[in-house]
Amino acid sequence: MLVQARGSRDRYCIAGVGETEYSRDSGRTTRAMAVEAVRNAMVDAGLGAADVDGMLSYQNNDSTFAPFVASDLGIRLDFYMDVVGGGSSTEALIGLAMGAIEVGMCRTVAIFRSMNGYTEVRIGGTGARAAAPVRGPDLAQRPFGMTSAGQNFAMTFMRHMHDYGTTSEQVAHVKVAHSKHASQNPKALLTERVTVEDVLGSRWIVKPLHLLDCCVETDNATCVIVTSAERAGDLRSRPVHVMGVAGRVSKPRVDFHWAHGPVSRVAGYYAKDLVFPMAGIGPEDVDVTGSYDAFTFTTMLQLEEYGFCKKGEGGAYVSSGVIELGGARPNNTSGGHLCEGYTHGMSMVIENVRQLRGTTDDYCPRAAEGVHTYDYAPGRCRQVKDAEITMNLGWAMPATGSALILRR
Amino acid sequence: MPEPVQYRGMTLLVPDNDSEWKEYFAEARRHRLVMRRCTGCGLMRYPPTHACPWCMALGWAWQEVSGRGTIHSYEIVTQAIQPGFKDWTPYPVVLVELDEQRGAPTPDEGLRLVANLVTPDLRPEAEANVAIGTRVRVVFQDLAEHLALPQFMLADEPAPGRVWRLGP
């Protein structure tokens with residue numbers, strides 16, 4: 001692919017990654033979890049409190065804020081911001097961190113997301129969120145019983161089935177692949193491998209989504225640390241370079257994703273033309289993908305929209321074996337949101353960083369040293385051999401997405 | 001300040017200063033489905049917003065539309081998120097594309113609304129009758145003196161093109 005790379009390529013790195021346990025019973029505050037995740041990422045990078053001077057987070061009025069987390073860890077900040085948002089924020093904030101460093105506002109930025117997504121503010125929308133008064137833009141959907149993410153996105157999924165003949169069986173393979181990967185992941189909440197029949201036999205939630213087409217609400221915190229390539233080179237872990245980033249790229253009339261057609265088109269249609277030229281590569285150059293799998297369908301839609309297959313052929317693509325470990329381009333090697341745990345996108349970036357380092361935390365005894373068996377039987381290895389380039393496909397909703405291309 | 005409206009366990013708030021929705025729902029209570037039409041370029045838009053997404057003009061006037069359209073997409077909710085909808089499951093939510101202004105100003109545009117597909121007595125329509133491409137017409141569900149929900153019911157008309165629904 002002949003393109004002109006832009007100026008930021010390879011000049012910034014992800015220097016550290018960290019997370020808490022993925023659970024459905026954290027028993028503690030989002031502040032406590034965020035502190036642990038940020039600290040884990042700092043230790044991973046070999047950074048002390050004096051070495052981190054920027055902090056970013058994202059949330060939906062359900063979490064702690066950067067000043068609390070920084071204070072707990074003894075970090076004095078030159079820059080911080082807590083933004084509203086869920087999915088697609090990780091990649092967007094990595095880009096913002098690069099910009100803040102570029103203009104000299106700070107030098108090293110910790111980005112976190114902390115959520116009691118199961119025990120406090122249920123991500124599926126049940127509990128307090130379902131009972132909230134309905135006003136303003138919510139009047140266009142909620143009075144009609146269209147509230148949760150699944151209910152909100154199902155219009156897109158159903159229209160894709162209509163437009164292209166995509167089947168439930170095809171997209172079930174996304175869950176099958178991610179469950180296979182989660183069986184190699186000691187951190188995953190759901191480690192049991194499932195079959196297409198398991199997915200199709202699970203109860204309907206909102207057609208065309210079965211229970212096993214949906215991700216798993218989780219308590220957790222996650223963190224990535226961004227710094228310049230010069231500084232990253234001196235740190236503890238092998239730096240991973242940012243080749244390209246696109247943040248919250250949107251379809252027209254984004255307030256309601258169904259307002260602008262085609263309804264079966266998602267934001268990657270626009271984001272791909274930013275991120276691939278920036279990175280100077282094309283989809284064929286990517287070894288591993290991490291896609292926002294709030295639902296099986298979201299992975300299928302994004303892989304197709306970013307050009308890993310032709311538009312409309314996503315169903316055939318995800319059911320071909322190519323996205324499984326051992327396939328040509330594995331997707332969500334940690335098990336992702338469908339199996340590892342739901343993090344609003346950060347965990348898939350963390351996983352890709354570890355893939356590029358060669359230190360994926362699977363069951364291989366010497367995984368931390370980068371020694372792997374590449375045996376993808378259950379309970380063994382999930383490291384992709386010689387992964388050079390990864391790509392994250394972040395999703396807020398059908399009309400908004402982000403993207404991140406990393407290299408080792 | 002009008003009283004909040006209670007509907008299926010939800011509190012619907014449309015205060016006097018809701019400059020987007022108040023008149024829209026009040027017109028629905030008069031059983032008129034209205035869109036905002038730009039006084040600059042003449043194009044209609046939904047939701048009822050304050051500037052024209054096609055020409056950025058601020059001027060607009062309400063325009064009644066026929067309330068006739070086609071199901072563009074749909075879903076069947078089998079597990080209610082809002083407790084007040086539990087006794088309605090399985091219920092269809094439809095994305096209706098109105099007859100007016102289809103494919104304008106670009107082929108990707110249309111006046112699309114989210115609603116329930118209901119029977120004439122305002123119960124959820126049977127799943128077997130919900131399909132993309134099916135003709136529908138508006139029906140108003142009165143909830144209060146100042147508010148009705150525009151819903152849709154099957155129109156007794158042949159589908160103009162392909163009809164598709166999710167298999168069993």
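**The aromatic cluster**

Tutor: Phe153(A), Phe157(A), Phe295(A), Phe297(A) and Trp395(A) form one aromatic cluster. The model is a predicted one. Over all chains, a search of the whole structure finds 18 aromatic pairs. In one of them, the ring centres of Phe153(A) and Phe157(A) are 6.4 Å apart. Their planes meet at 75°, and an angle over 60 degrees counts as edge-to-face, so this pair is edge-to-face. Phe153(A) and Phe157(A) both belong to helix H5 of chain A, which covers residues 149-164. They are four residues apart, about one turn of the helix. Both Phe153(A) and Phe157(A) are buried.

Aromatic rings also take part in contacts with charged groups. In chain A, the charged end of Arg265(A) sits over the ring of Tyr269(A), 3.6 Å from the ring centre. In chain B, Arg36(B) lies over the face of Trp60(B), and the distance to the ring centre is 3.7 Å.

Next, another helix of chain A. Helix H13 of chain A has twelve residues, 346-357. At 1.5 Å a residue it should span 16 Å, and its end C-alpha atoms are 17 Å apart, which agrees. Twelve of the twelve residues of H13(A) are buried, so the helix is largely enclosed by the rest of the structure. Among these buried residues are Met346(A), Val349(A), Ile350(A) and Leu356(A), and also Glu351(A), Arg354(A) and Arg357(A). Just after H13(A), Gly358(A) takes a positive phi of about 85°.

Then the cysteines. A disulfide is a covalent bond between the sulfur atoms of two cysteines. A search of the whole structure finds zero disulfides over all chains. Cys223(A), for example, is in no disulfide, and the nearest cysteine sulfur, that of Cys106(A), is 14 Å away. The cut-off for a disulfide is 2.5 Å between the sulfur atoms. Cys223(A) has a relative accessibility of 0%, so it counts as buried. Cys309(A) has a relative accessible area of 14%; the limit for buried is under 20%, so Cys309(A) is buried too.

Last, the empty space. Rolling a probe the size of a water molecule over the atoms shows where empty space is left. The structure holds two cavities of 30 Å³ or more, and the largest cavity has a volume of about 40 Å³. Its lining includes Leu139(A), Ala140(A) and Phe144(A) from chain A, and Trp21(B), Tyr24(B), Phe25(B) and Tyr46(B) from chain B. Helix H1 (22-29) and strand S8 (112-116) of chain B are the elements that give two or more residues to this lining.

Key:
Residues numbered from 1 in each chain as written. Chains lettered and ligands numbered in written order. Predicted model: local features only at pLDDT ≥ 70, side-chain atom pairs only at ≥ 80, totals over all residues. Heavy atoms only, no water. Buried < 20%, exposed > 50% of the residue type's maximum accessible area, 1.4 Å probe, protein only. Phe/Tyr/Trp six-rings, centres within 6.5 Å; stacked < 30°, edge-to-face > 60°. Lys NZ or Arg CZ within 6 Å of the ring centre and 35° of its normal. Expected span 1.5 Å × (residues − 1). 1 Å grid on protein atoms, 1.4 Å probe; cavity = no way out; pocket = protein on both sides within 12 Å on 5 of 7 lines; lining within 4 Å. Points joined across faces, edges and corners; volume = space filled by probe spheres on them.
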